[in-house]
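Here is a quick look at a few spots in one protein model. Have the sequence and the coordinates open while you read.

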Amino acid sequence: MNIAYIEIQNFRKLKSVRVDLSKATTVFVGANNSGKTSAMVALNYFLIDQRYFTINDFTLSNWSKINGIGDRWYQQGILRDAENLDLAEWESILPSIDIWLHVKKNEIHYVCHLLPTLDWDGEPLGVRLRFEPEDIKKFYKEYIAARAAAITTIESAKTAKNSLASIEQTNDIGEYTISLWPASMTEFLDKKLKKFFIVRAYILDPSQYRSPKDGIAYPQTLSSLNEPLEGNPFKGLIRIDKIDAHRGFSNLSSKSYDEEGTYDNKGRLSEQLRSYYDKHIDPTKMPEASDIDALEAIYQAQKQFDEKLKSGFKSKFGELENLGYPGITDPKLNISTKIRPQDSFNHSSALRYEVISHGSEASINPPCLPEYYNGLGYQNLISMVFRLMSFRDGWMRDGKARSEVSSETDDSIFIPPLHLVLVEEPEAHLHAQVQQVFIRKAYQVLRNHHALEGDINFTTQLVVSTHSSQVAHECEFSSLRYFRRKPAMNIGDVPVSTVVNLTEVFGENEKTKQFVTRYIKATHCDLFFADAAILVEGPAERMLVPHFIREHYDELNKSYITLLEIGGSHAHRLRPLIEHLGLITLIITDLDSTEPENNNSSKQPVRGQELITRNKTLEEWWPRKKSIDDLFAISDSGKVKEYDDPTFTVRVAYQCPVNIQFSKNEPAVEALSNTFEDAFVFENITIFKDMGGTGLIKKFRTAISEHNDPADLGQKMFKALQTGNKAEFALNILCSHEPSIFKVPTYIDEGLTWLLNKIKKKQKENLIQDIGITGQNK
């Protein structure tokens with residue numbers, strides 16, 4: 001049994017999305033404010049703790065509809081028969097989550113209460129959890145009364161004010177602009193939501209299943225005949241555990257201590273050890289034969305301690321006994337202690353770390369430090385892994401948990417067949433390598449139990465949300481779910497999110513999938529978290545384009561842009577991934593001209609010679625042109641590939657003809673370049689003419705001094721580049737005294753300017769969500 005997928009509706013940014021869950025590990029990735037947190041919170045609110053819903057959890061674009069319902073209710077007032085009210089007008093705006101389970105036929109005894117019909121034949125089983133009014137009639141009456149009272153109060157104040165003005169014979173009446181609570185339905189629910197709304201569960205019909213389209217889910221509509229289920233439909237079926245992003249670690253100085261060092265250690269590993277001890281080890285709970293020795297040791301220690309205390313307090317108790325208090329005969333005092341081993345965890349040195357040292361004495365009694373002396377990263381990693389172990393052992397009822405079923409979680413004597421574990425942002429405080437270790441080992445830890453080895457009847461599903469590229473790169477594409485921001489398309493809408501299942505990105509093209517997977521892991525790029533991407537041709541562009549951005553495009557420098565070095569012969573392989581992500585992308589590539597009959601070698605571009613490009617990106621992705629003359633003739637707009645999503649476009653930037661002057665007294669002439677390096681020299685020729693240096697700089701300087709015309713200079717630079725070190729050339733530019741004096745090549749400048757304008761436009765469209773309620777949709 002496993003959760004096949006979930007569909008979330010009307011919850012924060014998630015208007016209507018489907019999230020497929022892997023059978024083992026699922027990782028939520030995406031740029032900031034893309035909906036990852038919304039999905040994790042939805043799982044938490046609906047499945048774990050339903051007390052925290054607020055009006056801000058309703059998708060903002062539905063607020064006008066909610067207020068419209070409130071206005072209609074008030075306008076109809078007492079004329080409307082409350083007995084005829086139903087949830088029909090609320091149906092499309094209520095937050096809900098659909099949980100679809102894949103269940104084997106031999107597991108039917110777990111889910112008999114979820115079967116839609118007696119003819120069930122192994123189809124996915126669905127349950128909708130919906131946050132809805134508990135008693136629509138009571139809700140209606142109280143809202144009408146509150147709204148009427150507010151309006152009546154304002155009207156009474158107006159009447160009194162008018163009467164006073166009439167007595168004083170003045171026309172200065174004035175109008176009240178204030179509105180009393182509740183001025184709208186959303187304002188009413190801001191205070192009264194928990195009183196009138198609850199989560200109810202409904203069985204769904206597998207025959208009404210519809211596949212998502214363009215990332216938008218189409219959950220089925222419930223009819224008035226659907227009756228809610230009694231109680232929690234997943235009780236005894238799914239055990240759910242969660243590790244929050246805020247894990248409670250802090251420095252020692254932020255805690256309060258008494259003279260004995262006792263402190264509030266909530267959130268520390270020592271507290272987790274104590275909790276684990278209480279649940280799985282404590283010998284005083286349901287003692288077994290193996291516990292007798294420990295209980296005997298505790299009893300003897302307690303007995304000896306009592307004797308010591310009696311001896312120490314003997315003289316003091318003797319004085320008290322001689323008081324002769326009236327009405328009390330022979331007062332006797334006794335002292336008895338109770339040793340509780342779990343109390344030993346409640347001090348600042350309960351958990352200690354051995355410090356690596358050398359020497360025979362150190363090996364016998366190694367020096368130790370309290371847990372808070374370790375860095376937050378180490379504490380965080382150990383704590384998370386131990387919590388995963390605790391979740392697993394709690395699910396499997398290890399130790400004392402076998403004999404004592406906790407009434408707080410599940411009163412069933414059977415172990416739930418499915419364990420769902422949610423982990424938010426595990427990367428906090430962790431070094432990059434440790435982040436990879438955690439995500440690589442987390443699922444193994446959850447399954448590392450003798451009862452789970454090879455057992456297909458117990459399933460574990462781990463769901464992780466992250467902002468870390470290290471965590472994402474350690475996972476297979478099949479486990480990644482990319483949350484993509486979508487702009488508001490209609491008046492009154494707000495930006496929402498869709499979810500891309502990266503399992504489907506490459507289809508059957510295993511070669512491309514293998515290349516992209518290896519490339520992303522090798523380069524550690526931030527494609528899954530960036531606002532835009534720049535693909536560059538080689539090492540010189542990789543080093544100099546970031547410099548150009550820092551020096552000349554300040555606003556672009558403030559944006560989250562990932563830069564990837566990938567040649568034009570391979571950039572097109574990223575096409576399916578970038579198009580699925582919907583990521584604004586600028587491809588800075590080379591013209592790479594050649595002759596049709598000898599396309600294994602490059603040739604300096606010349607007009608009218610029927611030359612073609614060897615660049616697969618220009619030929620197969622965009623602008624889908626092969627002729628050099630055709631590529632030269634394309635306008636700026638022709639270099640942009642538009643998609644259905646107005647916030648997603650791809651632009652190519654390659655070398656195009658430019659007019660240059662070799663000196664102030666000479667007329668401008670056309671220059672054609674084939675690579676970044678010769679284009680850069682052409683547009684900074686007056687600097688390179690006198691620039692000192694070795695390697696390519698020296699060769700370019702010599703070529704400039706010996707050239708006859710632009711074509712001759714281009715040919716000389718073309719030959720120099722065949723044996724020159726391009727990375728060294730870029731480093732020499734950066735290390736020059738004034739790297740900022742260099743002009744950005746025109747084709748790159750046009751591309752970066754386009755990228756800046758696209759990001760500005762996207763940011764403006766996404767800022768709509770911040771109007772009204774700040775920080776609602778994350």
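## Ground rules

This is a predicted model, so local features need pLDDT of at least 70 and side-chain atom pairs count only at pLDDT 80 or more, while totals for chains, interfaces and linings use all residues. Residues are numbered from 1 along each chain as its sequence is written, and side-chain values use heavy atoms, with hydrogens and water left out.

## Helix 9

Helix 9 takes in residues 376-395, 20 residues in total; helices here are DSSP runs of H or I, at least four residues, and strands are runs of E, at least two, numbered from the N terminus. From first C-alpha to last, helix 9 reaches 28 Å, close to the 28 Å expected (1.5 Å times one less than its number of residues).

Helix 9 is mostly covered, with 14 of its 20 residues buried (under 20% relative accessible area; exposed is over 50%, partly exposed in between, with a 1.4 Å probe and protein chains only). After helix 9 comes Arg397, with a positive phi near 55°.

## Asp98

Asp98 sits in strand 4 (residues 96-102) and is buried, at 1% relative accessible area. Leaving aside neighbours within four places in sequence, Asp98 is in contact with residues including Tyr5, Glu7, Arg128 and Pro219 (heavy atoms within 4.5 Å).

## Tyr176

Tyr176 lies in the loop between helix 4 (136-167) and helix 5 (185-196). With 34% relative accessibility, Tyr176 counts as partly exposed.
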